[in-house]
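Please keep the model open while you read.

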Amino acid sequence: MPDDFAQPLSAADVSEYERNGLLLREKDILTEGEIQNLLAVIPEVLDTRGPEVVLERDGETVRSVYGVHRTFPAVRDLVVHPKLIGAVRQILGGDIYVHQSKINIKAAFSGDQWEWHQDYINWLRADGIPRPSLINVAIFLDEATEFNGPLMFIPGSQRMGLLPGADRAGMPASYEDAPSWVDTLTADEKFKVDRDTIRTLAEKDGLFSAKGGAGSALFFHSNILHASLPNISPFDRKVLILVYNLVDNAPGDVDTPRPDFLAERSPVALVPRNGEEVTHE
Ligand code: SIN
Ligand code: MN
């Protein structure tokens with residue numbers, strides 16, 4: 001039997017991840033208390049002001065808050081949760097650190113889309129990360145349903161490597177005066193994956209919609225094609241995303257390094273904390 005903390009995934013889970021580029025675990029990664037600890041931080045997250053906050057095109061609604069594992073103790077503790085570290089190590093097979101973290105709000109009525117994209121192209125170009133061995137761990141902070149813009153994927157597309165496409169010229173509309181690093185964080189993706197390629201892959205392998213209750217953990221590959229629709233439902237669809245990377249796949253030299261709330265440039269191997277729940281006042 002695998003150790004529940006150090007090896008929370010079965011061999012079948014790991015093969016599913018390798019085949020599909022994603023794995024959804026709805027119940028058994030976080031406890032109810034751990035989920036409540038995270039949810040308790042949300043009002044403070046929404047009050048954050050500063051460069052780590054990206055707004056929607058309306059200039060008002062918070063779209064994302066970056067670097068949350070550096071700012072909020074509840075997220076910092078989650079990063080070293082033994083089951084998360086155990087699962088990511090089972091998949092990546094080495095020492096890991098968190099390269100980036102964010103909470104995407106996808107607010108009721110006004111949370112905007114995420115166009116089809118692969119994450120790795122940004123981590124390669126902006127941070128000089130040599131290989132696509134990064135993994136997103138998305139922790140659902142609300143129930144994700146068919147109504148509130150759940151993440152959708154083309155299973156297996158990560159095996160195609162970086163797909164063809166072209167760059168949008170200039171900054172996205174409504175963000176003309178934003179700092180250059182905002183370019184890849186808006187509803188209008190910088191690198192547009194070729195639509196015929198998306199259609200061909202989706203016709204062959206179908207789409208997967210990642211629905212599940214608050215506390216679900218979704219692991220997905222940095223090269224899997226994914227997107228999500230705008231949220232016109234009356235329910236938020238908040239998600240915390242931790243991006244783990246191998247320490248030996250650290251960022252290389254780039255002309256303009258991104259701020260540290262977007263990219264960790266001095267990785268230190270994470271050590272899992274014990275499996276006890278941490279309480280936050
Ligand atoms: C989303 O929150 O719907 C998209 C997140 C991502 O592309 O990483
Ligand atoms: Mn993405």
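Which residues are around ligand 1? They are Asn104, Trp114, His117, Leu151, His226, Ser228, Arg237, Val239 and Ile241, where being near a molecule means having a heavy atom within 4 Å of it.

Two remarks before the points. This is a predicted model, in which local features need pLDDT of at least 70 and side-chain atom pairs count only at pLDDT 80 or more, while totals for chains, interfaces and linings use all residues. Residues are numbered from 1 along each chain as its sequence is written, chains are lettered from A and ligands numbered from 1 in the order in which they are written, and side-chain values use heavy atoms, with hydrogens and water left out.

1. One is 2.9 Å from a side-chain N or O atom of Asn104, and for His117 the corresponding distance is 3.0 Å. Arg237 places a polar side-chain atom 2.8 Å from an oxygen atom of ligand 1. The protein covers 99% of the 260 Å² of accessible area that ligand 1 has on its own (areas by the Shrake-Rupley method with a 1.4 Å probe; for residues, only the protein chains shown count as cover).

2. Ligand 1 takes up the space of the largest cavity. Here a cavity is a set of points, on a 1 Å grid over the protein atoms alone, where a 1.4 Å probe fits but cannot get out; a molecule sits in it if more than half of its atoms lie within 2 Å of its grid points. At least two residues of the shell around ligand 1 come from each of β5 (114-117), β12 (226-228) and β13 (239-246). Strands are DSSP runs (E, at least two residues) and helices are runs of H or I with at least four, numbered from the N terminus.

3. **The manganese ion.** Which residues coordinate ligand 2? His117 (NE2), Asp119 (OD) and His226 (NE2) do, at 2.1 to 2.2 Å. Donors are N, O and S atoms within 2.8 Å of the metal (3.2 Å for Na, K and Ca), and sites may look incomplete because water is not among the atoms. Along the sequence, the donor residues follow the spacing H-x1-D-x106-H. His117 and Asp119 are both buried (under 20% relative accessible area; exposed is over 50%, partly exposed in between, with a 1.4 Å probe and protein chains only).

4. **Asn104.** This residue belongs to strand β4 (residues 96-104). Asn104 counts as buried because its relative accessibility is 6%. Besides facing ligand 1, with 2.9 Å to an oxygen atom, Asn104 has a side chain joined to that of Ser64 by a polar contact of 2.8 Å (a pair of N or O atoms within 3.5 Å; within protein, one must be able to donate a hydrogen and the other to accept it, and residues adjacent in sequence count only if both atoms are side-chain atoms).

5. **The loop between β4 and β5.** Look here at Lys106 and Phe109. Phi is positive in both of these non-glycine residues, near 45° for Lys106 and near 70° for Phe109. Is each one buried or exposed? Lys106 is buried, as its relative accessible area is 2%, whereas Phe109 counts as exposed at 60%.

6. **Leu246.** Strand β13 also holds Leu246, which counts as buried at 10% relative accessibility.

Terms used
On a 1 Å grid over the protein atoms alone, a cavity is a set of points where a 1.4 Å probe fits but cannot get out, and a pocket is an open set with protein on both sides within 12 Å along at least five of seven lines; lining residues have an atom within 4 Å of a point.
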